[in-house]
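Reader: Could we go through this model together, one topic at a time? I would like to begin with the pockets.

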Amino acid sequence: MTIQTLIDELAATLGPAGVLVGDEVSSRGAGIWRTDKIAAPVIFRPATTTEVAAILRACHAAGQPVVTHGGLTGLVEGAVARPSEVVLSTERLNKIEAVNAIDRTMCVQSGVRLQAAQEAAAEQGLLLGLDLGARGSCTIGGNIATNAGGNQVIRYGMARDAVLGLEAVLADGTVLTSMNAMLKNNAGYDLKQLFIGSEGTLGVITRVLLRLRPACRSQDTAIVACESFAQVTGLLASLDVSLAGTLTAFELLWRDFYRLVAGDAPPLAENFPYYVLVEAMGGSPDTDRQRFVAALAEASEQGLIADAAVCKSVAERQKLWAMRDNVEKTLEQKPAIIFDVSLPLSKMEAYVAAVMAGLDEAFGDHSTWVFGHAGDGNLHFVVAPGEALDPAVRERAERAVYEPLQAIGGSISGEHGIGLEKKRWLPLSRSEEEIALMRRLKLALDPNGILNPGRIIDAVSGS
(Lines give C-alpha, C1' and ligand atoms only; values in the text may rest on other atoms or scores of the structure.)
Protein backbone atom coordinates (compact mmCIF):
# COMPACT_ATOMS: atom_id res chain seq x y z
CA MET A 1 0.00 0.00 0.00
CA THR A 2 1.36 3.42 -0.93
CA ILE A 3 1.25 6.36 1.46
CA GLN A 4 -1.27 8.06 -0.83
CA THR A 5 -3.54 5.01 -0.66
CA LEU A 6 -3.25 5.11 3.13
CA ILE A 7 -4.11 8.81 3.15
CA ASP A 8 -7.16 8.21 0.99
CA GLU A 9 -8.30 5.35 3.22
CA LEU A 10 -7.95 7.28 6.47
CA ALA A 11 -9.39 10.56 5.15
CA ALA A 12 -12.87 9.02 5.23
CA THR A 13 -12.42 8.15 8.92
CA LEU A 14 -10.68 11.31 10.13
CA GLY A 15 -12.46 13.94 8.03
CA PRO A 16 -10.87 17.07 6.50
CA ALA A 17 -9.51 18.36 9.81
CA GLY A 18 -7.83 15.06 10.51
CA VAL A 19 -5.48 14.92 7.53
CA LEU A 20 -2.88 17.52 6.57
CA VAL A 21 -0.80 17.31 3.39
CA GLY A 22 1.29 19.58 1.18
CA ASP A 23 2.04 23.09 2.45
CA GLU A 24 0.06 22.41 5.65
CA VAL A 25 2.79 19.93 6.56
CA SER A 26 5.93 21.40 5.01
CA SER A 27 5.29 24.83 6.54
CA ARG A 28 5.43 23.42 10.07
CA GLY A 29 8.63 23.43 12.10
CA ALA A 30 10.05 20.06 13.13
CA GLY A 31 10.43 21.27 16.73
CA ILE A 32 10.59 24.42 18.83
CA TRP A 33 14.40 24.09 19.06
CA ARG A 34 14.81 23.32 15.35
CA THR A 35 14.93 25.42 12.19
CA ASP A 36 14.09 22.64 9.70
CA LYS A 37 10.57 21.74 8.61
CA ILE A 38 8.58 18.52 8.89
CA ALA A 39 9.67 16.21 6.07
CA ALA A 40 6.83 13.67 6.34
CA PRO A 41 4.23 13.65 3.51
CA VAL A 42 1.21 13.69 5.84
CA ILE A 43 0.11 14.53 9.37
CA PHE A 44 -2.80 12.54 10.76
CA ARG A 45 -4.65 14.44 13.50
CA PRO A 46 -7.02 12.13 15.36
CA ALA A 47 -9.56 13.66 17.74
CA THR A 48 -10.49 10.45 19.59
CA THR A 49 -8.87 7.26 20.79
CA THR A 50 -10.97 5.39 18.23
CA GLU A 51 -9.39 7.46 15.45
CA VAL A 52 -5.89 6.80 16.82
CA ALA A 53 -6.69 3.09 16.74
CA ALA A 54 -7.89 3.33 13.13
CA ILE A 55 -4.67 5.06 12.07
CA LEU A 56 -2.42 2.52 13.73
CA ARG A 57 -4.48 -0.43 12.53
CA ALA A 58 -4.09 0.74 8.94
CA CYS A 59 -0.40 1.57 9.31
CA HIS A 60 0.29 -1.78 10.99
CA ALA A 61 -1.36 -3.65 8.14
CA ALA A 62 0.61 -1.65 5.57
CA GLY A 63 3.92 -1.77 7.45
CA GLN A 64 3.93 2.03 7.42
CA PRO A 65 6.25 3.72 9.98
CA VAL A 66 4.55 6.27 12.25
CA VAL A 67 6.14 9.08 14.27
CA THR A 68 4.09 10.54 17.12
CA HIS A 69 4.08 14.32 17.67
CA GLY A 70 3.12 16.15 20.83
CA GLY A 71 4.38 19.64 21.65
CA LEU A 72 7.69 19.10 19.77
CA THR A 73 9.77 20.32 22.71
CA GLY A 74 12.13 17.33 22.73
CA LEU A 75 15.88 17.61 22.30
CA VAL A 76 16.93 14.15 21.08
CA GLU A 77 15.40 13.97 17.58
CA GLY A 78 12.68 11.63 18.81
CA ALA A 79 10.00 13.38 16.73
CA VAL A 80 12.05 14.06 13.60
CA ALA A 81 10.04 12.45 10.80
CA ARG A 82 11.64 11.20 7.59
CA PRO A 83 9.95 11.44 4.15
CA SER A 84 9.15 7.72 4.39
CA GLU A 85 7.29 8.16 7.69
CA VAL A 86 3.87 9.56 8.53
CA VAL A 87 3.12 11.74 11.54
CA LEU A 88 0.42 11.10 14.10
CA SER A 89 -0.15 14.36 15.97
CA THR A 90 -2.02 14.46 19.28
CA GLU A 91 -2.84 18.18 18.94
CA ARG A 92 -6.62 17.55 18.67
CA LEU A 93 -6.62 15.21 21.69
CA ASN A 94 -6.71 18.30 23.85
CA LYS A 95 -9.59 17.91 26.31
CA ILE A 96 -9.36 18.05 30.09
CA GLU A 97 -12.05 15.48 30.76
CA ALA A 98 -12.43 15.72 34.54
CA VAL A 99 -10.88 17.02 37.75
CA ASN A 100 -11.89 15.14 40.90
CA ALA A 101 -11.14 17.26 43.95
CA ILE A 102 -12.02 14.48 46.40
CA ASP A 103 -9.82 11.84 44.83
CA ARG A 104 -7.26 14.47 43.79
CA THR A 105 -7.11 13.21 40.24
CA MET A 106 -7.33 14.72 36.77
CA CYS A 107 -8.23 12.91 33.55
CA VAL A 108 -6.76 14.49 30.42
CA GLN A 109 -6.23 13.60 26.80
CA SER A 110 -2.61 13.32 25.76
CA GLY A 111 -2.51 16.50 23.69
CA VAL A 112 -3.37 18.79 26.63
CA ARG A 113 -0.63 21.36 27.28
CA LEU A 114 1.11 21.02 30.63
CA GLN A 115 0.31 24.62 31.57
CA ALA A 116 -3.39 24.09 30.84
CA ALA A 117 -3.41 21.06 33.13
CA GLN A 118 -1.60 23.03 35.85
CA GLU A 119 -4.15 25.83 35.62
CA ALA A 120 -7.11 23.43 35.71
CA ALA A 121 -5.71 21.84 38.86
CA ALA A 122 -5.14 25.25 40.46
CA GLU A 123 -8.78 26.22 39.85
CA GLN A 124 -9.73 23.35 42.19
CA GLY A 125 -7.17 24.30 44.84
CA LEU A 126 -4.87 21.49 43.70
CA LEU A 127 -1.38 21.15 42.26
CA LEU A 128 0.07 19.06 39.45
CA GLY A 129 3.56 18.30 40.72
CA LEU A 130 5.26 18.54 37.33
CA ASP A 131 6.75 21.75 35.99
CA LEU A 132 9.02 22.43 33.01
CA GLY A 133 10.29 25.57 31.35
CA ALA A 134 8.41 24.48 28.21
CA ARG A 135 5.10 24.23 30.10
CA GLY A 136 3.28 26.40 27.56
CA SER A 137 4.23 24.18 24.61
CA CYS A 138 4.83 20.64 25.85
CA THR A 139 1.96 18.18 26.16
CA ILE A 140 1.01 15.70 28.85
CA GLY A 141 1.35 12.76 26.48
CA GLY A 142 4.87 13.81 25.53
CA ASN A 143 5.75 14.42 29.16
CA ILE A 144 4.67 10.91 30.06
CA ALA A 145 6.17 9.25 26.98
CA THR A 146 9.57 10.74 27.83
CA ASN A 147 9.16 10.60 31.64
CA ALA A 148 9.94 14.32 31.82
CA GLY A 149 11.55 15.79 34.91
CA GLY A 150 11.84 19.54 35.37
CA ASN A 151 12.04 21.92 38.26
CA GLN A 152 10.28 20.12 41.11
CA VAL A 153 11.59 16.55 40.89
CA ILE A 154 13.35 16.85 44.23
CA ARG A 155 9.91 17.00 45.90
CA TYR A 156 7.33 15.55 43.51
CA GLY A 157 9.39 13.18 41.38
CA MET A 158 9.49 12.64 37.63
CA ALA A 159 6.44 12.57 35.34
CA ARG A 160 6.11 8.88 36.20
CA ASP A 161 5.23 9.82 39.78
CA ALA A 162 2.23 11.87 38.62
CA VAL A 163 0.63 9.01 36.65
CA LEU A 164 -2.00 6.82 38.26
CA GLY A 165 -3.30 5.29 35.04
CA LEU A 166 -3.28 5.74 31.30
CA GLU A 167 -4.78 4.61 28.03
CA ALA A 168 -2.57 3.68 25.09
CA VAL A 169 -3.10 2.31 21.61
CA LEU A 170 -0.78 -0.49 20.55
CA ALA A 171 0.83 -0.75 17.12
CA ASP A 172 -1.92 -3.02 15.77
CA GLY A 173 -4.69 -0.66 16.91
CA THR A 174 -5.53 -2.49 20.14
CA VAL A 175 -6.74 -0.03 22.78
CA LEU A 176 -5.27 -0.74 26.23
CA THR A 177 -7.27 1.11 28.87
CA SER A 178 -5.62 1.03 32.28
CA MET A 179 -7.13 4.13 33.87
CA ASN A 180 -6.36 3.20 37.46
CA ALA A 181 -7.44 5.88 39.95
CA MET A 182 -5.88 4.43 43.09
CA LEU A 183 -2.55 4.99 44.78
CA LYS A 184 -2.43 1.31 45.73
CA ASN A 185 -3.19 -1.35 43.15
CA ASN A 186 -1.15 -4.55 43.08
CA ALA A 187 -3.51 -6.57 40.89
CA GLY A 188 -0.93 -7.97 38.50
CA TYR A 189 1.61 -6.17 36.34
CA ASP A 190 1.59 -2.37 36.38
CA LEU A 191 1.18 -2.13 32.61
CA LYS A 192 1.26 1.65 32.43
CA GLN A 193 4.97 1.54 33.22
CA LEU A 194 5.60 -0.01 29.79
CA PHE A 195 4.61 3.25 28.11
CA ILE A 196 6.04 5.81 30.55
CA GLY A 197 9.45 6.78 29.21
CA SER A 198 9.15 4.53 26.14
CA GLU A 199 9.21 7.55 23.77
CA GLY A 200 6.28 6.29 21.71
CA THR A 201 8.06 3.10 20.65
CA LEU A 202 5.63 0.69 22.35
CA GLY A 203 2.30 2.49 21.95
CA VAL A 204 0.62 5.87 21.56
CA ILE A 205 -0.65 7.35 24.81
CA THR A 206 -4.13 8.84 24.35
CA ARG A 207 -5.44 9.57 27.86
CA VAL A 208 -3.83 9.92 31.29
CA LEU A 209 -5.16 9.89 34.85
CA LEU A 210 -2.93 12.20 36.85
CA ARG A 211 -2.32 12.37 40.57
CA LEU A 212 -2.82 15.85 42.04
CA ARG A 213 -1.56 17.29 45.32
CA PRO A 214 -2.94 19.99 47.62
CA ALA A 215 -2.05 23.46 46.34
CA CYS A 216 0.62 25.17 48.40
CA ARG A 217 -0.20 28.43 50.15
CA SER A 218 3.34 29.78 50.33
CA GLN A 219 6.22 30.01 47.91
CA ASP A 220 9.56 31.33 49.12
CA THR A 221 12.48 31.74 46.75
CA ALA A 222 16.11 32.85 47.03
CA ILE A 223 19.29 32.95 45.00
CA VAL A 224 22.36 31.82 46.93
CA ALA A 225 26.05 32.05 46.03
CA CYS A 226 28.55 29.39 47.09
CA GLU A 227 32.34 29.49 46.98
CA SER A 228 32.87 25.74 46.63
CA PHE A 229 31.03 22.63 45.52
CA ALA A 230 31.30 21.32 49.08
CA GLN A 231 29.20 24.33 50.12
CA VAL A 232 26.62 23.41 47.46
CA THR A 233 26.20 19.84 48.71
CA GLY A 234 26.27 20.98 52.33
CA LEU A 235 23.61 23.58 51.60
CA LEU A 236 21.32 20.97 50.05
CA ALA A 237 21.69 18.68 53.06
CA SER A 238 21.11 21.52 55.52
CA LEU A 239 18.01 22.90 53.77
CA ASP A 240 16.52 19.44 53.30
CA VAL A 241 16.50 19.03 57.07
CA SER A 242 15.63 22.55 58.20
CA LEU A 243 12.81 23.02 55.67
CA ALA A 244 11.21 19.74 56.77
CA GLY A 245 10.03 18.39 53.44
CA THR A 246 9.00 21.70 51.84
CA LEU A 247 12.13 22.12 49.69
CA THR A 248 10.77 22.07 46.13
CA ALA A 249 13.60 23.28 43.89
CA PHE A 250 17.38 23.35 44.12
CA GLU A 251 18.70 24.63 40.80
CA LEU A 252 22.45 24.98 40.34
CA LEU A 253 24.05 27.48 37.95
CA TRP A 254 27.76 27.53 37.20
CA ARG A 255 29.30 31.01 36.99
CA ASP A 256 29.50 31.28 33.20
CA PHE A 257 25.80 30.45 32.83
CA TYR A 258 24.85 32.88 35.61
CA ARG A 259 26.83 35.67 33.97
CA LEU A 260 25.13 34.97 30.66
CA VAL A 261 21.55 35.10 31.95
CA ALA A 262 21.73 37.46 34.95
CA GLY A 263 21.17 40.58 32.86
CA ASP A 264 22.18 44.16 33.56
CA ALA A 265 21.11 44.05 37.22
CA PRO A 266 22.25 40.67 38.57
CA PRO A 267 20.73 39.76 41.95
CA LEU A 268 24.18 38.79 43.27
CA ALA A 269 27.74 39.66 42.28
CA GLU A 270 29.04 37.63 39.35
CA ASN A 271 32.35 36.48 40.85
CA PHE A 272 31.22 33.31 42.67
CA PRO A 273 31.75 29.87 41.10
CA TYR A 274 28.25 28.54 41.95
CA TYR A 275 24.75 29.94 42.31
CA VAL A 276 21.75 28.06 43.67
CA LEU A 277 18.11 28.95 43.07
CA VAL A 278 16.29 27.61 46.14
CA GLU A 279 12.53 27.37 46.52
CA ALA A 280 10.28 26.02 49.25
CA MET A 281 6.49 25.64 49.10
CA GLY A 282 4.28 25.11 52.14
CA GLY A 283 0.93 25.65 53.76
CA SER A 284 1.38 28.63 56.10
CA PRO A 285 2.70 31.83 54.48
CA ASP A 286 3.84 33.64 57.63
CA THR A 287 5.35 30.64 59.37
CA ASP A 288 6.90 29.28 56.19
CA ARG A 289 8.55 32.61 55.40
CA GLN A 290 10.12 32.73 58.84
CA ARG A 291 11.33 29.16 58.57
CA PHE A 292 12.76 29.77 55.09
CA VAL A 293 14.76 32.81 56.21
CA ALA A 294 15.86 30.98 59.37
CA ALA A 295 17.00 27.99 57.30
CA LEU A 296 19.16 30.23 55.12
CA ALA A 297 20.54 31.99 58.20
CA GLU A 298 21.43 28.65 59.77
CA ALA A 299 23.17 27.54 56.58
CA SER A 300 25.09 30.81 56.52
CA GLU A 301 26.22 30.27 60.11
CA GLN A 302 27.44 26.83 59.05
CA GLY A 303 29.67 28.49 56.44
CA LEU A 304 27.63 27.18 53.50
CA ILE A 305 26.57 30.51 51.95
CA ALA A 306 28.79 33.26 50.56
CA ASP A 307 25.92 35.61 49.68
CA ALA A 308 22.15 35.42 49.22
CA ALA A 309 19.12 37.41 48.10
CA VAL A 310 15.61 36.44 49.20
CA CYS A 311 12.71 37.36 46.92
CA LYS A 312 10.34 39.89 48.41
CA SER A 313 7.64 39.74 45.73
CA VAL A 314 6.12 37.56 43.04
CA ALA A 315 7.80 39.74 40.42
CA GLU A 316 11.24 39.09 41.93
CA ARG A 317 10.55 35.36 42.02
CA GLN A 318 9.42 35.37 38.39
CA LYS A 319 12.58 37.24 37.39
CA LEU A 320 14.77 34.61 39.04
CA TRP A 321 12.97 31.75 37.33
CA ALA A 322 13.01 33.56 34.00
CA MET A 323 16.77 33.83 34.40
CA ARG A 324 17.10 30.10 35.16
CA ASP A 325 14.80 29.10 32.28
CA ASN A 326 16.53 31.33 29.72
CA VAL A 327 18.29 28.45 27.96
CA GLU A 328 17.65 30.21 24.63
CA LYS A 329 20.33 32.73 25.62
CA THR A 330 22.99 30.05 25.23
CA LEU A 331 21.79 29.29 21.71
CA GLU A 332 22.57 32.79 20.46
CA GLN A 333 26.14 31.62 19.93
CA LYS A 334 25.61 29.15 17.11
CA PRO A 335 25.99 26.35 16.48
CA ALA A 336 25.40 24.82 19.92
CA ILE A 337 24.63 21.37 21.31
CA ILE A 338 22.40 20.84 24.36
CA PHE A 339 23.21 17.92 26.66
CA ASP A 340 21.11 16.35 29.41
CA VAL A 341 22.81 13.91 31.79
CA SER A 342 22.26 12.50 35.27
CA LEU A 343 24.72 11.33 37.90
CA PRO A 344 25.26 11.00 41.66
CA LEU A 345 25.70 14.37 43.34
CA SER A 346 28.86 13.12 45.04
CA LYS A 347 30.50 12.66 41.62
CA MET A 348 29.33 15.91 40.06
CA GLU A 349 32.26 18.25 40.73
CA ALA A 350 34.86 15.81 39.38
CA TYR A 351 32.64 14.87 36.44
CA VAL A 352 32.16 18.48 35.32
CA ALA A 353 35.91 19.04 35.57
CA ALA A 354 36.51 15.95 33.41
CA VAL A 355 34.00 17.13 30.81
CA MET A 356 35.51 20.59 30.62
CA ALA A 357 39.00 19.10 30.24
CA GLY A 358 37.72 16.84 27.47
CA LEU A 359 36.08 19.76 25.66
CA ASP A 360 39.25 21.85 26.00
CA GLU A 361 41.24 19.03 24.43
CA ALA A 362 38.67 18.48 21.68
CA PHE A 363 38.11 22.10 20.68
CA GLY A 364 40.38 24.52 22.47
CA ASP A 365 38.32 27.63 21.77
CA HIS A 366 34.75 26.80 22.81
CA SER A 367 31.97 28.19 25.00
CA THR A 368 30.25 25.86 27.45
CA TRP A 369 27.55 26.62 29.99
CA VAL A 370 26.59 24.29 32.83
CA PHE A 371 23.39 24.33 34.87
CA GLY A 372 20.73 21.96 36.08
CA HIS A 373 18.52 20.39 38.68
CA ALA A 374 21.30 19.55 41.12
CA GLY A 375 18.85 18.49 43.82
CA ASP A 376 18.12 15.36 41.77
CA GLY A 377 21.49 14.97 40.03
CA ASN A 378 20.40 16.18 36.59
CA LEU A 379 22.78 18.48 34.69
CA HIS A 380 22.62 20.29 31.36
CA PHE A 381 25.56 21.38 29.24
CA VAL A 382 25.28 23.71 26.28
CA VAL A 383 28.40 23.45 24.15
CA ALA A 384 29.23 25.93 21.40
CA PRO A 385 32.30 24.26 19.85
CA GLY A 386 33.32 27.24 17.74
CA GLU A 387 33.28 25.07 14.61
CA ALA A 388 30.74 24.08 12.00
CA LEU A 389 28.55 21.38 13.47
CA ASP A 390 29.38 18.42 11.24
CA PRO A 391 29.10 14.81 12.48
CA ALA A 392 32.78 14.66 13.50
CA VAL A 393 32.51 17.80 15.61
CA ARG A 394 29.32 16.55 17.27
CA GLU A 395 30.97 13.23 18.05
CA ARG A 396 33.93 14.91 19.76
CA ALA A 397 31.56 16.93 21.93
CA GLU A 398 29.39 13.91 22.74
CA ARG A 399 32.41 11.80 23.60
CA ALA A 400 33.65 14.44 26.04
CA VAL A 401 30.27 14.67 27.79
CA TYR A 402 29.10 11.04 27.71
CA GLU A 403 32.17 8.84 28.14
CA PRO A 404 33.07 9.98 31.69
CA LEU A 405 29.59 8.90 32.84
CA GLN A 406 30.20 5.19 32.41
CA ALA A 407 32.77 4.84 35.18
CA ILE A 408 30.62 6.69 37.72
CA GLY A 409 27.31 4.97 36.96
CA GLY A 410 25.76 8.06 35.38
CA SER A 411 23.11 8.29 32.67
CA ILE A 412 23.39 9.82 29.21
CA SER A 413 19.81 11.06 29.65
CA GLY A 414 18.37 12.61 32.78
CA GLU A 415 15.00 13.76 31.48
CA HIS A 416 14.88 14.08 27.68
CA GLY A 417 15.15 10.46 26.57
CA ILE A 418 17.25 8.79 23.89
CA GLY A 419 15.49 9.37 20.54
CA LEU A 420 17.71 9.07 17.48
CA GLU A 421 20.44 11.35 18.78
CA LYS A 422 21.66 9.36 21.80
CA LYS A 423 21.01 5.81 20.60
CA ARG A 424 24.63 5.00 19.81
CA TRP A 425 25.65 6.01 23.35
CA LEU A 426 23.01 3.95 25.17
CA PRO A 427 25.46 1.10 26.03
CA LEU A 428 27.33 3.55 28.27
CA SER A 429 24.32 3.60 30.60
CA ARG A 430 22.57 0.26 29.99
CA SER A 431 23.93 -3.27 29.98
CA GLU A 432 23.72 -5.69 27.05
CA GLU A 433 21.08 -7.65 28.97
CA GLU A 434 18.94 -4.56 29.53
CA ILE A 435 19.11 -3.54 25.88
CA ALA A 436 18.29 -7.09 24.79
CA LEU A 437 15.18 -7.05 26.99
CA MET A 438 14.16 -3.70 25.50
CA ARG A 439 14.35 -5.30 22.04
CA ARG A 440 12.22 -8.25 23.17
CA LEU A 441 9.56 -5.88 24.53
CA LYS A 442 9.61 -3.87 21.30
CA LEU A 443 9.20 -7.01 19.22
CA ALA A 444 6.34 -8.27 21.38
CA LEU A 445 4.33 -5.04 21.27
CA ASP A 446 5.30 -3.77 17.81
CA PRO A 447 6.25 -6.80 15.68
CA ASN A 448 6.24 -4.81 12.43
CA GLY A 449 8.42 -2.07 13.94
CA ILE A 450 6.20 0.83 12.86
CA LEU A 451 6.15 2.94 16.05
CA ASN A 452 8.86 5.61 16.15
CA PRO A 453 11.26 3.21 14.41
CA GLY A 454 14.94 3.52 15.24
CA ARG A 455 14.33 5.55 18.40
CA ILE A 456 16.07 4.28 21.57
CA ILE A 457 17.14 0.97 20.00
CA ASP A 458 17.80 -0.31 16.49
CA ALA A 459 15.26 -2.31 14.53
CA VAL A 460 14.64 -5.78 15.94
CA SER A 461 14.29 -9.12 14.24
CA GLY A 462 10.81 -9.44 12.83
CA SER A 463 10.34 -5.73 12.14
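Reader: How much space lies in the second largest pocket?
Author: In this predicted model, about 730 Å³ of space lies in the second largest pocket, where a pocket is an open set of points on a 1 Å grid over the protein atoms alone, reached by a 1.4 Å probe, with protein on both sides within 12 Å along at least five of seven lines. The volume is the space filled by probe spheres set on the points, which are joined across faces, edges and corners.

Reader: And which residues lie nearest its centre?
Author: Gly197, Ser198, Arg430, Met438 and Ile456 do, out of 30 residues that line the second largest pocket, lining residues being those with an atom within 4 Å of a point. By class, the lining has twelve nonpolar, twelve polar and six charged residues.

Reader: Before we move on, what should I keep in mind about the numbering and the values?
Author: Residues are numbered from 1 along each chain as its sequence is written, and side-chain values use heavy atoms, with hydrogens and water left out. Because the model is predicted, local features need pLDDT of at least 70 and side-chain atom pairs count only at pLDDT 80 or more, while totals for chains, interfaces and linings use all residues.

Reader: Switching to the sheet, in what order do the four strands come?
Author: The order is β1-β2-β4-β3 in an open sheet with mixed pairing; strands are DSSP runs of E with at least two residues, and helices are runs of H or I with at least four, numbered from the N terminus. Two strands pair if DSSP finds at least two bridges between them.

Reader: Why is one side of β1 and of β3 left without a neighbour?
Author: β1 (19-21) and β3 (66-69) stand at the edges with a single partner strand each, so one side of each has no neighbour in the sheet. The partner strand β2 (residues 42-44) pairs with β1 in the antiparallel sense over three bridges, and Val19 stands opposite Phe44 in β2.

Reader: Which strands does α3 lie across?
Author: Helix α3 (residues 49-62) lies across β2, β3 and β4 and runs at about 160° to β4, with angles taken from 0 to 180 degrees between N-to-C directions.

Reader: Last topic, where is Pro335?
Author: Pro335 is in the loop between α10 (314-324) and β16 (337-342), and the peptide bond from Lys334 to Pro335 is cis, with omega near -5°.

Conventions: Contact means heavy atoms within 4.5 Å. Ala, Val, Leu, Ile, Met, Phe, Trp, Tyr, Cys and Pro count as nonpolar, Asp, Glu, Lys and Arg as charged, and the others, Gly among them, as polar.
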